[in-house]
Amino acid sequence: MATRSSDPSRSIREQFPMFREERTPPLAYLDSAASSQKPDMVIEALRRHYSYHNANIHRGVYQLAEEATASYEDARLRVTRFINAASPREVVFTRNSTEAINLVAYSWGRSVLKAGDAILLTEMEHHSNLVPWQILAAERGVELRFIPVTPEGRLDLEALPRLLADGKVKLVGVVHISNVLGTINPIEEIARQAHTAGSVVLVDASQSVPHRRMEVLRLGADFMAFTGHKMLGPTGIGVLWARRTLLEQMPPFLGGGEMIREVSLRSSKWNELPWKFEAGTMAIAEAVGLGAAVDYLQGLGMDAVFSHDQELVEYAMERLTEVPGLKILGPPAKERGGVVAFTMEGIHPHDIATVLDRQGVAIRAGHHCAMPLHEKLGIPASARASFYCYTVREEIDQLIAGLHKTRSLFKQ
Amino acid sequence: MSEWDELYREAILDHYRNPRQHGTLEHPDISYEDANPLCGDRIRMDIQVRDGKIEDVRFSGVGCAISQAATSMLCEHIKGMSLEDAKKIGREDVLEMVGIPLGPVRLKCALLGLKTLKAGVYGIHQWPGEEDGGET
């Protein structure tokens with residue numbers, strides 16, 4: 001705190017139009033787990049693309065179309081390097097994490113799973129890693145199993161060997177960092193056991209790829225989904241990374257233009273990877289924007305981004321305990337990403353968020369697309385503050401002051 | 001406190017802290033539960049009817065101050081009322097009771113009690129405000 005002026009998040013903020021805007025009261029944006037703000041560099045990349053390089057990709061033979069194609073494929077290369085993947089052929093652009101997971105459920109799931117197979121998920125999954133599997137399970141007679149969550153907000157890994165023992169599990173789907181509890185799950189260990197049991201592993205990395213260095217090959221995943229708008233990029237662009245052998249075996253997800261090599265009236269031949277999975281005109285400018293976001297994050301250094309998150313979450317958890325009647329969900333600061341969800345005695349999270357909003361503090365209130373987890377924790381909803389590279393301690397101070405105000409307003 | 005009155009006037013906080021007609025009924029003639037999936041608000045309403053009149057009404061559930069206070073006000077209002085009159089209560093009546101400006105999200109909170117009442121009384125799902133004209 002003594003070296004506040006050298007706090008890098010201060011100069012980072014100046015590169016975000018959202019934070020340059022004067023507001024009364026000042027904005028404390030503590031909902032980056034829902035969507036991040038965007039730096040000039042990303043907004044400028046979108047503007048430049050539309051101003052100077054806009055055309056459809058992989059089609060035209062003219063200069064502009066070639067430029068657009070090059071920018072789009074260059075973005076894929078940047079993402080490939082960012083997650084340390086082996087090849088850009090393993091990096092499929094989608095709309096978001098949800099679409100990436102649905103792609104796996106529809107394409108891989110429908111071609112591989114049979115009645116009697118099982119899918120193993122966890123009780124802390126976001127709806128995006130639950131609902132696609134529920135649909136598939138109902139359609140194919142596939143059983144859904146769940147790794148339980150302990151009262152401390154960790155996955156109960158002692159249950160894992162038993163859940164995998166009968167060899168029926170063909171896919172383990174697990175969130176890397178919980179969007180509610182902040183828990184960082186031990187993917188490597190889960191993947192090791194899953195692979196031994198003959199299952200593939202899908203990781204929902206929506207909250208991890210934006211916040212920490214990703215070495216996807218070391219993670220042990222076979223599929224990994226993440227989204228651009230939570231990592232300083234535009235909405236409408238996300239990524240499915242998958243092992244090439246799997247992608248090659250999988251049938252297309254959506255049919256249409258671009259994903260084909262040859263089309264006759266009655267049948268078609270599929271395009272090569274990754275384009276086999278990119279039907280129709282993709283979100284070209286958004287992909288370019290995501291490429292710029294990746295550059296920006298690499299400029300900051302992902303290790304620095306992660307340690308900044310951890311410092312903030314530690315500070316926030318320390319300050320939150322000052323608020324009477326407040327209960328923090330999930331594990332200690334050292335075991336989590338930049339997310340803190342909490343409840344306050346006698347005050348509904350919706351009311352907390354409403355009173356905070358009046359004081360310029362933006363947090364999330366509700367079930368954060370994880371209703372089963374809230375049910376397990378025995379609460380209808382929670383309030384959540386989440387942080388990113390541009391978050392400063394003053395915003396957390398503003399949150400704490402707001403919570404005291406909330407309490408005094410609702411006190412008997 | 002005037003700045004905050006717009007957000008939660010004293011009457012709302014009072015109904016939230018000391019809800020009227022709170023609890024459940026042992027032998028309700030009508031019992032209905034509804035929820036607002038967005039924020040996890042949940043309300044159950046038990047109604048006892050005698051000679052076409054709401055002899056007693058109780059609500060229970062969890063939710064934000066707006067949903068709980070609006071339901072408390074509504075229950076206080078309909079106790080002793082004829083079922084026919086209760087059916088005529090519309091969103092404007094509830095918003096008048098609540099008496100503060102509400103954005104679209106909090107509007108749903110405020111109307112959850114009415115939605116529960118209507119669904120219970122009619123035995124069907126209807127959104128308050130959409131049933132206008134369907135009452136004839």
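**View 1. A:Thr94 sits in strand S2 (residues 91-94) of chain A.** The model is predicted: local features need pLDDT of at least 70, side-chain atom pairs count only at pLDDT 80 or more, and totals for chains, interfaces and linings use all residues. Residues are numbered from 1 along each chain as its sequence is written, while chains are lettered from A and ligands numbered from 1 in the order in which they are written. Strands (E, at least two residues) and helices (H or I, at least four) are DSSP runs, numbered from the N terminus. A:Thr94 is buried, with 25 other C-beta atoms within 10 Å. Buried means 20 or more such atoms, exposed 12 or fewer, partly exposed in between, with C-beta atoms placed from the backbone. Beyond its neighbours within four places in sequence, A:Thr94 is in contact with A:Glu99, A:Ala100, A:Leu103, A:Gly238, A:Val239 and A:Leu240. Contact means C-beta atoms, placed from the backbone, within 7 Å.

**View 2. Helix H3 (residues 40-52) of chain A has buried residues A:Val42, A:Ala45 and A:His49.** They cover an arc of only 55° around the axis, so they lie on the same side of H3(A). The arc is taken from the directions from the helix axis to the C-beta atoms. These buried residues pack against helix H4 (63-82) and helix H11 (284-300) of chain A. The face turned away carries exposed A:Tyr50, A:Ser51 and A:Tyr52.

Conventions
Contact = placed C-beta atoms within 7 Å.
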